[in-house]
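Subject: Structure handover

Hello,

Here is the structure you will be taking over. Please open it beside this email and follow along.

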Amino acid sequence: MADACDRNSSIPVDHFDATSTADEIVTSLIRAGGCIVRGMVHRSDLAQIETDVRPLLDADTPWAGSYFPPETRRAGGLACKSATFLRVIVQNALYQEVCARLVTSRVKNWYGSEAFENTSAPQMNSAFAISIGPGAAPQGLHRDDGNYHNQLPAITVEEYAIGRDTSVILFVAGSKVTKQNGTTRFVPGSHLKGSEEAPDEKNVVYAEMDPGDGFIMLASTHHGGSANMTENEERLMYGTCMVKGFLRQVCSSLKKAIRIMSSLRQYYAKEENQYLALPIEKVKKLSKDTQRLLGYGVSDPWTGWVDFKDPVEYILSNEGSEKKAIW
């Protein structure tokens, strides 16, 4: 289980195989913030996923903002675009058990004089593929927890408590991913840092993997895609994320992009399921301001996107408007 990554950190990163237990992985994540699981997805399943996803990647265009290098191609909404992706990545039994232990929420509520325990199970937050081509610059290190304005105090590993993280991310290598071709890099132990502390590049670890290997990471861990310094290698990675059940999904499909804002914080899930309650054709006729009031807009920095774009602009693009990137 020794760390075989190219790294500078003094915190070891564990490597497991697909027969490892959820207890082992949860313990590892609490200590380091990320770990690698070898052989999570079979090569034959990877081949089918790429068959499903490659046309979507080929159809993508360079990002208009600075978050993704222009050499990057993306595909979202994969839970309903690749049945194999859904079965072997999103529904991977080991990953789901880890998520159940780390982001299930249980609270006590009263109804009159009777007490009840309510359990909110994790929900899928995103399902995507990202291809990084030669010449791509690195992403800045960041926390995915920032989507939910999760401001954290600095703690020790002994002080870590279940519930600190809003979500758990799984990256699966679709190709061989290396430091040279742009694999995800992360800072072990950064999930224990306070929100006011900037990420430190000198402590990064590069999650180098063979096709089918998985990298599981807490959302509070500083990470980012790396530079692709090769001349002819693609770095292909598939990803999914499970979030606390009462939080808003980062991404959605067009037909499920309706969200009511009311008086709730934008990154919380809504009591009534507006995905299905409002006819999409009627919502398209509303003004941009009204669409945003109903929840079509992105919650800053990046919660509620559709195909990596602001849903309001995405909807209008169907009527001739240009699709605009979030950043």
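Predicted model: local features only at pLDDT ≥ 70, side-chain atom pairs only at ≥ 80, totals over all residues.

Residues are numbered from 1 along each chain as its sequence is written, and side-chain values use heavy atoms, with hydrogens and water left out.

**Overall**

The protein has eight helices and 13 strands. Both are DSSP runs numbered from the N terminus: helices are H or I with at least four residues, strands are E with at least two. Of the 327 residues, 54% are buried. Buried means under 20% relative accessible area, exposed means over 50%, and partly exposed lies in between (1.4 Å probe, protein chains only). The protein exposes about 14,800 Å². Carbon and sulfur atoms supply 52% of that area. The areas come from the Shrake-Rupley method with a 1.4 Å probe; for residues, only the protein chains shown count as cover.

Now the contacts, meaning heavy atoms within 4.5 Å. Take those with a separation of 6 or more: 74% of them join residues 24 or more positions apart.

**Helix α3**

Start with α3, residues 83-90. Its buried residues are Thr84, Phe85, Val88, Ile89 and Val90. They cover an arc of only 165° around the axis, so they sit on the same side of α3. The arc is taken from the directions from the helix axis to the C-beta atoms.

What do the buried residues of α3 pack against? Two helices are on the list, α2 (43-59) and α4 (93-103). The strands are β7 (123-132), β8 (167-173) and β13 (235-243).

**Aromatic rings**

There are four aromatic pairs. Rings of Phe, Tyr and Trp (its six-membered ring) pair if their centres lie within 6.5 Å; planes under 30 degrees apart are stacked, over 60 edge-to-face, and the rest tilted.

One of the pairs is Phe85 with Tyr238. Their centres are 6.3 Å apart and their planes at 80°, so the pair is edge-to-face. Phe85 belongs to α3 and Tyr238 to β13, so the pair ties together parts 153 residues apart in sequence.

Phe128 and Phe171 form another edge-to-face pair, with centres 6.4 Å apart and planes at 75°. Phe128 is in β7 and Phe171 in β8, so this pair ties together parts 43 residues apart in sequence. Phe128 is buried at 10% relative accessibility, and Phe171 is buried at 10%. Ring pairs also link Phe128, Phe171, Phe186 and Phe215 into a cluster.

For Cys241, the nearest cysteine sulfur is that of Cys99, 7.6 Å away. Cys241 is buried, at 6% relative accessibility. Cys80 is exposed, at 77%.

Asn92 is in the loop between α3 and α4. It is buried, at 12% relative accessibility. Its side chain reaches the backbone nitrogen of Tyr95 at 3.0 Å. That is a polar contact: a pair of N or O atoms within 3.5 Å, where within protein one must be able to donate a hydrogen and the other to accept it, and residues adjacent in sequence count only if both atoms are side-chain atoms. Leaving aside neighbours within four places in sequence, Asn92 is in contact with Met40 and Arg87.

Ser226 is in the loop between β12 (223-225) and β13. Is Ser226 buried or exposed? Buried, with a relative accessible area of 3%. Its side chain reaches the backbone oxygen of Thr183 at 2.7 Å. Ser226 and Thr183 are 43 residues apart in sequence, yet 5.7 Å apart in space, C-alpha to C-alpha. Beyond neighbours within four places in sequence, the contacts of Ser226 include Ile132, Pro138 and Tyr206.

Last, His149, in the loop between β7 and β8. Its phi is positive, about 50°, although it is not a glycine. Most residues other than glycine have a negative phi. His149 is partly exposed, with a relative accessible area of 42%.

Best wishes

Key. Disulfide = S-S within 2.5 Å.
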